Structure formats: C-alpha cells, structure tokens
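My notes follow in the order I made them.

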Amino acid sequence: MQSKPFPKSERPVVAIIGGGVSGAGVAYHLARANYGEPPVILVFEPRAELGRGLAYDTADPAHRINVPAAKMSLQPDDQGEFEAWIEARDAVAGDPQARQPDGSLFPRRRLFGDYVASLLKPLVKDGRVRHCRAAVTGVERRAGRWIIRDDKGGVTEADIVAIATSHPPPAAPGRLASRLAAHPRFVADTTKPGALEVIRPHDRVLVIGNGLTAADVIASLAERGHDGPVSAISRRGLRSRGHAPVPQPLFGDFVVDAAHSAGSLLARIRAAIKAAKAEGISWHGVIDQVRAQGHDLWQALPDTERRRLVRHLRPYWDVHRFRIAPQVEAVLDAAIAAGRLDILAGSVADARIEGQLILCALQPRHQRLPLERCYDAVIVTTGPAHGGILDTQPWLAALATSGHLSLDPTGLGLACTERSEAIGPSGTGDPSLLISGPLARGTFGELMGLPQVTEHAFFVASEIAVKLRATSKNIHPL
C-alpha cells in the first residue's frame, strides 16, 4: 500500500529521519516546546513504535542496559524517570536478575525501549507527532524546501530535516567479508534478527572485536546454551570493564587549563587516577568526570589532536567508558574461569573456508609469527563503521554528492557545526539540516551513551525551536 503525500500545511514542517532514541528524543522535546503555532513534526521510522531504534528493539534476554537504570532517562533534568517508571509498573517482576545486591537496576535492554515508546505514544495519538512507518529513500533540496521520498511511495515536503539515523553496520576487517561470505556461520552483522541462530552449541567460535557488542554476543551465546570454546580477538586485547562495586564520586577537574593535545590529556587522566586511588576512589570516578566534561575537553583539542586521540587512545577510552552490565560481566568471568573464553591481542591476518571449517591466520600483537587456528564460526563485532556512514544509505550519499553533507575529519560521523547544523564541502552549516545523535560526535565529542544522547536530542530540539520562532517572526527565514 502506497503512503499518500502529507497535505500541504501553512505550519512549518519538521521531518526527523530515524525514530530511535535520538530521533524520538528530538520529536518528544520539540512537541513539548512552547510555540504560538506548533509545527508539523514527522518522524520517519519503519518500526512499529518510536523510541526503540536498533539498540532497544532487541528481544534477546541477554541484552541489558549497561548503565544503572537510575542514570537513564529521556529527560536531561530528571535522570531518575526511567527507574521511577520501572518501579511504578513493577516492570522487572519477571526478571529477578535485573536488581543487583546494592539495589541498582540493570534490566533487559528492551525495557528502556518500552519506556521511551510510552512517552511518544500520547504525542502520536493526539497528533503532535506523526509517525511515518517507512524508510527514507531520497532527500533533495528544491525551491527552498526539502523533498523526502520513502519506500511506501510517499513524498513529503519539509522546512527542516533532522538526520537521526541508526548506527551503520560493522565492517569486517581486511578481506574477510569476501573470503568468508559463502560460509553459513560467518556472521558479519550481529544486529540482524536471528543472526546468532546459525551457531551450534559446541561450535568453536572466533569473535572479532572485544567491546560491548562482543560481550553481548558471548552472553547471548551462553543464554542459548552454547558451551564451545570462544576466542575474542582485538588489536590490543582490551576487554570492556565492569562497574565499580559501589558508586564512586566524580574526581578531578580537566576543564581548568584544558589540555590541547591527546598526550597531555592522557597524562592528566593518569595522574588523576593515581591521586584518586590514594583517596580510596577507583578509576571509575575519574573516567566519569572526563565524560561529564567531555564536550569542553573535545572543544579544546585541534582537529589534528582529535584524530590522534581517536587513532591511538579511543580503544582504551571505550573499554573504560562503556562498561558492561554486571550480569554480562559475570558470564564472561565464568567463561574465562572455565577456560572456554580466550582473550587475544592481535588481528586476523587471513582466513579461508575449507569444507565446513574456517581456517584463520591470527597475527598476535608484538609477535612475528602468525598462529593457525581452526573455527566452526566467525562473528564480527567490531562496532559501527561510522567513517563509512555515507555509503550505508543511498540518500545520504546523494546528499553528500549534492553538497549538503560531508564526513567529519575525525572519521566519527557527519560534519556539523556547534549548533548541530550539517556542513557540506563548502564548510558552512545549513540551518535547515541538522544532525542528531552519535553521528554528530565528531563535533560534540562524547555522544555514544546516555545521558549524552538524550541531552543532545534536547539540544537539537531547542535549536529547531529557536529557528521556528525566528521564522514565524520573520527574523531569520530558513
């Protein structure tokens, strides 16, 4: 069934592409902003509900939020809303593992999607937000407006567009994708529904990557009854860290006389961790302070130092910043203790299919000779390939070709201004095209986890509201 073009409106139209937490957050806060005449807010999202996105649409019981529920919320000024929502509904009654001994909650990830969806449903019901259940296929600028085409045959005109698309899929390293594509147990994208169903209980598994996605995969395999050996290989062999046994106070101040190089910032963080330890505070408090001050720290670094930080220090930051849920950590600890999980530092130099087996040449870090290993399955968990975002959807590539989008110089996503306005090859921001969520982190720094994502969604909604108010007063037309 083809979707009909939305009727022309004298009110300004804001189109949000992507209805995960980033896009739903923009729609939610924009709908609740104060206006004389509210805009038409349209969210393009193929899923049945707004607010889930890729991360919170999972039905896998092993997938859990990786920060306490008390720190997750769609409201930047009310971090406890999600936890209060859970308690009011007794929403973890059927999940005894959700509550930790200290009382903190780490529920299944889908529950946070339920919470965000519950906030958007009333707005969709009363018409303040319109949910277009379609995927965008084309976006172009014509006669001062944006023309958006979708896969249901719909054509929509909008005055402002906010790009809040999902993370791009991971990219298999080197030649693996082509060499192993024909193997039934080569899993290149774990985000696809049922991706792990091909793994048999006793399979010898190689997991490429060792971050949050790898931890989720290993926990999911254990949930399914997999008891075969697993090797997780990453360039530095760094395993995602867990949470402190008890909450730690923020420690240090990195904004005063902020570092202007990656090296000096690293030195200051190490010094702060040492000082914190002397006061009985774990490294968690220091890293949390760096995260809290991350935007200002990022702004103090020139592009060359940002690229250096991403290239050399990002893996260390990721494993300390993005911590695994206690339930997932317990699964990994048990697998290591039982000798079923091996953490390797190195890379996959080569691989080939031989019958039903996958023969891999692993190149250990700091060793000259490779290791020959045999596996029944290989799973890629290297994380989103943000540097290749323009290649993931044709309409994004077309926007770049037409001069509206460009890659951020750090390789973390799309270039945008401090107002989150998209920057094309000309180097100037477009006030009618905004970037929301992790794809804007090349400009804003830390934008991969909550609450930063929800804070940024609120910020983008506020920027759009300012533009709309100015336009209605003929101060600065779009």
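Entry 1: I began with Phe-112, which counts as buried at 0% relative accessibility; buried means under 20% relative accessible area, exposed over 50%, and partly exposed in between, with a 1.4 Å probe and protein chains only. I note that this is a predicted model, where local features need pLDDT of at least 70, side-chain atom pairs count only at pLDDT 80 or more, and totals for chains, interfaces and linings use all residues. Residues are numbered from 1 along each chain as its sequence is written, and side-chain values use heavy atoms, with hydrogens and water left out.

I then asked how many aromatic pairs the structure holds. I found seven. Rings of Phe, Tyr and Trp (its six-membered ring) pair if their centres lie within 6.5 Å; planes under 30 degrees apart are stacked, over 60 edge-to-face, and the rest tilted. Tyr-56 and Phe-112 are a tilted pair, because their planes stand at 55 degrees, with ring centres 4.9 Å apart. Tyr-56 sits in the loop between strand 2 (40-44) and helix 2 (81-89), and Phe-112 in helix 3 (residues 109-125), so this pair links distant parts of the chain, 56 residues apart. Here helices (H or I, at least four residues) and strands (E, at least two) are DSSP runs, numbered from the N terminus. Tyr-56 is buried too, at 14%. I also saw that Tyr-56, Phe-82, Trp-85, Phe-112 and Tyr-115 form one aromatic cluster.

**Entry 2: Asp-203.** Buried or exposed, I asked of Asp-203? Asp-203 counts as buried, at 3% relative accessibility. I located Asp-203 in the loop between strand 8 (186-187) and strand 9 (205-208). Its side chain reaches the backbone nitrogen of Arg-200 at 2.8 Å. I listed what Asp-203 touches (heavy atoms within 4.5 Å), leaving out residues up to four places away in sequence: Arg-185, Val-198, His-226, Gly-228, Pro-229 and Asp-376.

**Entry 3: helix 7 and helix 9.** Helix 7 (residues 283-292) packs on helix 9 (residues 303-321) at an angle of about 110 degrees, with the axes 10 Å apart. Axes are lines fitted to C-alpha atoms, for helices over the stretch in contact, and angles run from 0 to 180 degrees between N-to-C directions. The two helices are therefore roughly perpendicular (65 to 115 degrees). Helix 7 contributes Trp-283, Ile-287, Val-290 and Arg-291 to the contact, and helix 9 contributes Trp-317, His-320 and Arg-321.

**Entry 4: Arg-323.** I looked next at the loop between helix 9 and helix 10 (326-337), where Arg-323 lies. Arg-323 counts as buried, at 6% relative accessibility. Which side chain does the side chain of Arg-323 join in a polar contact of 2.9 Å? I found Asp-288. A polar contact is a pair of N or O atoms within 3.5 Å; within protein, one must be able to donate a hydrogen and the other to accept it, and residues adjacent in sequence count only if both atoms are side-chain atoms. A polar atom of the Arg-323 side chain also lies 2.7 Å from the backbone oxygen of His-320. Arg-323 touches several other residues, including Asn-66, Leu-212 and Trp-283.

**Entry 5: positive phi.** Most residues other than glycine have a negative phi. Asp-90 has a positive phi, near 50 degrees. Asp-90 is in the loop between helix 2 and helix 3 and is exposed, at 52%. Ala-143 also has a positive phi, near 55 degrees. I placed Ala-143 in the loop between strand 4 (136-142) and strand 5 (145-150). Ala-143 is exposed, at 78%.

Terms used:
Parallel < 35°, antiparallel > 145°, perpendicular 65-115°, else oblique.
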